[in-house]
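Thanks for coming. I will take one chain and go through a few of its parts, one at a time. Here it is.

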Amino acid sequence: MSKTFTGRTILAANLSGKALVSRKGFNAYACFNNSLHDGAISAECADNGNSDLFGKNMTDKIICVPKTVGSTSAGAVWLRVSKLGVAPRAMLFSQSIDSLAAGGLLVADIWAQHRICTIDRLGDQFLQAVQDGDWLEVREDGTVNII
C-alpha cells in the first residue's frame, strides 16, 4: 500500500528512485568530503557521525532527512558534486530547509545546470514512514508517494 505526503517545493521535478534515509541531520561537507575530487565516480557518505548514511552510496538516490546541519561550505559542496555528476537525485526534508542548504542547491541548479529536486516540510510522519530502499515517486507539486 502506498503512502502520500505533500511538502513545499523548492526545486521542482518529476522523478522516481530509491530512498536513502537518515533520521539525523545531513552535513553536506562531511557526507561528500571524499567525493569532492576529480575522478569521483560515486558519492559514498563519509560522515562517520551519521551512522544511518555512513558508507552508503548517495549518487542518484533520493535522500530523506529531517534537516541539514553544518557550515557555510555546503553551498560550494553542492555545486562541486553536481559538476562531478555524483549528486543525489533529490533531497527531501521533513522540516524546513535552511537558507544555506537552499542557496547551495539553487547554485548547483543554476551554475552547474544540474537540478537536485528539493522538497521540504514533508512532516515527521513522512520520515517515520519512509525506509531505505523504498521506491519513491516525487512530483513537481511537492507530492511524494512511497510505493
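Is Ser-35 buried or exposed? Keep in mind that this is a predicted model. Ser-35 sits in a loop, the one that runs between helix H1 (28–32) and strand S4 (62–65). Its relative accessibility is 2%. The cut-off for buried is under 20% relative accessible area, so Ser-35 counts as buried. As for what it touches, leaving out residues up to four places away in sequence, the list is Ala-40, Ser-42, Ala-43, Glu-44, Leu-84 and Val-86.

Next, a residue in a strand. Phe-93 is part of strand S5, which covers residues 90–93. Phe-93 has a relative accessible area of 0%, and therefore it is buried. Which residues is Phe-93 in contact with, once its neighbours within four places in sequence are left aside? One group is Val-65, Pro-66, Lys-67 and Thr-68, and the other is Thr-118, Ile-119, Asp-120, Arg-121 and Leu-122. There is also a distance to note: Phe-93 and Glu-140 are 47 residues apart in sequence, and their C-alpha atoms are 15 Å apart in space.

Now the helices. Helix H2 is residues 74–84, and helix H3 is residues 99–111. How do H2 and H3 pack? The angle is about 35°, and the axes are 7 Å apart. The crossing is right-handed. On the H2 side, the residues that meet H3 are Gly-75, Trp-78, Leu-79, Ser-82 and Lys-83. On the H3 side, they are Ala-101, Gly-104, Leu-105, Val-107, Ala-108 and Trp-111.

Staying with H2, which of its residues are buried? They are Ala-74, Gly-75, Val-77, Trp-78, Leu-79, Val-81 and Ser-82. The cover over these buried residues includes H1, strand S5 and H3. After H2 comes Gly-85, with a positive phi near 80°.

Last, the surface. Leu-106 is found in H3. Is Leu-106 buried, exposed or partly exposed? Its relative accessible area is 35%. Buried means under 20% and exposed means over 50%, so Leu-106 is partly exposed. Leu-106 belongs to a nonpolar patch on the surface, together with Ile-110 and Trp-111. The accessible area of the three together is about 350 Å². Trp-111 has come up already, as one of the H3 residues that meet H2.

That is the end of the tour.

Terms used. Residues are numbered from 1 along each chain as its sequence is written. This is a predicted model: local features need pLDDT of at least 70, side-chain atom pairs count only at pLDDT 80 or more; totals for chains, interfaces and linings use all residues. Side-chain values use heavy atoms; hydrogens and water are left out. Patches are made of residues with over 30% relative accessible area and no salt bridge: like charges are joined within 9 Å, nonpolar side chains (Val, Leu, Ile, Met, Phe, Trp, Tyr) within 5 Å. Accessible areas come from the Shrake-Rupley method with a 1.4 Å probe; for residues, only the protein chains shown count as cover. A salt bridge is a side-chain nitrogen of Lys or Arg within 4 Å of a carboxyl oxygen of Asp or Glu. Helices (H or I, at least four residues) and strands (E, at least two) are DSSP runs, numbered from the N terminus. Buried means under 20% relative accessible area, exposed over 50%, partly exposed in between (1.4 Å probe, protein chains only). Contact means heavy atoms within 4.5 Å. Axes are lines fitted to C-alpha atoms, for helices over the stretch in contact, and angles run from 0 to 180 degrees between N-to-C directions. A crossing is left-handed if the near helix is turned anticlockwise from the far one by less than a right angle, and right-handed if clockwise.
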